[in-house]
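Visitor: Could you walk me through this model, one topic at a time? I would like to begin with how the parts of the chain meet.

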Amino acid sequence: MNANTNDLSAFWMPFTANRYFKRHPTLVSGGQGAYFLTPDGRRLYDCLSGLWCTPLGHCRPEIVAAVRAQVGELDFAPTFQVGHPKVFEFASRVARWAPQGLNHVFFTNSGSEAVDSALKIAVAYHHARGEAGRVRIIGRERAYHGVGIGGISAGGIAANRRVFGALSAPFVDHLPHTYEPSQMRFSRGQPAWGAHLADNLERLVALHDASTIAAVIVEPMQGSTGVIVPPVGYLERLREICTRHGILLIFDEVITGFGRVGANFAAQRVGVTPDIIVFAKAATNGVIPLGGTIVRESIYDALMRGPEQTIELFHGYTYSGHPIACAAGLATIDVMEKEGLVARSAQLAPLLEQAVHSLREEPHVIDIRNFGMAAAVELAARDGQPGARAREVFERGVEAGLLLRFTADTIAVAPPFISSEEEIHHMVETLRGVLRKVS
Ligand SMILES: Cc1ncc(COP(=O)(O)O)c(C=O)c1O
């Protein structure tokens, strides 16, 4: 590393304990398949596929080649009043991956922007149909929808709201989350208990009146808060209540989209079709930032009104549909399709389930949850030191060759789909060894 690399002070790290990190840095300087490479030449198995975003592994040659070619051919083009071929092609490919009927794609640069876009589209849709009073958004406790004002308003992670809650959109309310340890601890896949929790939506409708509610937004599986898996029947019931009251249902699939739960989107996995899907992360294998929303034909159509020469939606980002991001996305989808990696994700999921649940009797483990190629091992917190035990697991994991992810005292894993069965076993056995060492 050169001298500048050794100066860690200028970079203000996101969602990180900056002062602690800068005294105990964990650095990666390369990526190769399912591994990060450290500056001192070690390999760390990438247990969370980056931040849930690199299911094809790092430096995938097809994506590298597509990005290289694109940057030399068309490095930037606006998508305001101009088009370029790859943005139309990529939108069509994304729409083909989505459930039937969701066929228009609005691009953003991140999940947070995609969430804000989805909320704005929902409100604009009702406005266009003459229901301008439908402005309320219903989110859910423990939800993570990114860090935009829309996302923190609909989101339900207390730490993200504590300071910024006052900036929150005025018309929001929240469903209860679905995690009830006494009913579902150590469930495999979707818990059997909890479908009735969706009925809380009826209470919110009674409280606020349907005529004020634009949309309900939920992550089909809550990822960032620690892999909270939807109870059997819960999403179906939310769908049914939304339909009955003319409320749009938005699935935030920033984590679950593009194969993570063994189908293109969680919507297809659970057989529930929302009105809008929010995606990001794995859409480009994390190589170039990109997000977006996929909307139902009827939502798009409702806005395609008035004189043909007027702008229908006053919304967009300079980099919406950036050519290099689209090239990375097309290469990602090509590889996923050619190698059947969504099917591979579905095939590996039972193995991951079996392996992580074998940690049940290990020290400090109080719950294990899994859905598709995602799992969480929740540890008892040390008295008065929330997060300290999981941090020690993380640090010992790095020493043992794993890059894990922890939030509070939960360890989450979401391995790359290109992993071998041996790599998944090795990850879990290494984690077992670490848990046995941690006090
Ligand atoms: C469900 C969900 N929505 C939105 C976001 C925000 O995405 P980004 O960090 O790209 O803004 C995330 C990020 O983890 C997420 O998990």
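Guide: In this predicted model, 31 residues of domain 1 are in contact with 30 residues of domain 2, where contact means that the C-beta atoms of two residues, placed from the backbone, lie within 7 Å. Being a predicted model, it is read with limits: local features need pLDDT of at least 70, side-chain atom pairs count only at pLDDT 80 or more, and totals for chains, interfaces and linings use all residues. Residues are numbered from 1 along each chain as its sequence is written.

Visitor: Which elements give two or more residues to the side of domain 1 that touches domain 2?

Guide: Those elements are α3 (49-52), α15 (341-357), β11 (365-371), β12 (374-379) and β15 (410-413), and α15 gives the largest share, seven residues. Helices (H or I, at least four residues) and strands (E, at least two) are DSSP runs, numbered from the N terminus.

Visitor: And what is that side like by class?

Guide: The side of domain 1 that touches domain 2 has 18 nonpolar, eight polar and five charged residues. Here Ala, Val, Leu, Ile, Met, Phe, Trp, Tyr, Cys and Pro count as nonpolar, Asp, Glu, Lys and Arg as charged, and the others, Gly among them, as polar.

Visitor: Where are the domain bounds?

Guide: Domain 1 covers 3-59 + 340-437 and domain 2 covers 64-338, with bounds that come from an automatic or database domain assignment. Their centres, taken over C-alpha atoms, are separated by 26 Å.

Visitor: Changing topic, which residues come nearest to the ligand?

Guide: Ser 110, Gly 111, Ser 112, Gly 146 and Val 254 come nearest, out of 15 residues around the ligand; a residue is near a molecule if its C-beta atom, placed from the backbone, lies within 6 Å of it. Helix α6 (residues 111-128) gives the most to this shell, with three residues, and by class the shell has five nonpolar, eight polar and two charged residues.

Visitor: What about Glu 219, buried or exposed?

Guide: Glu 219 counts as buried because it has 26 C-beta neighbours inside 10 Å; the cut-offs are 20 or more other C-beta atoms within 10 Å for buried, 12 or fewer for exposed, and partly exposed in between, with C-beta atoms placed from the backbone. Glu 219 lies in the loop between β7 (213-218) and α11 (234-245).

Visitor: Which residues does Glu 219 touch?

Guide: Leaving out residues up to four places away in sequence, Glu 219 touches Ala 143, Asp 252, Ile 255 and Thr 256. Glu 219 and Ile 277 are 58 residues apart in sequence, and their C-alpha atoms are 9.8 Å apart in space.

Visitor: And Gln 385, buried or exposed?

Guide: Gln 385 counts as exposed, because it has 10 C-beta neighbours inside 10 Å. Gln 385 is found in the loop between β12 and α16 (388-400).

Visitor: One more topic: in what order do the four strands of the open sheet come?

Guide: The order is β1-β2-β3-β13, with mixed pairing, where two strands pair if DSSP finds at least two bridges between them. The edge strands, β1 (30-32) and β13 (402-403), each pair on one side only. Strand β3 (residues 43-46) pairs with β13 in the parallel sense over two bridges, and Asp 46 has Leu 403 as its bridge partner in β13.
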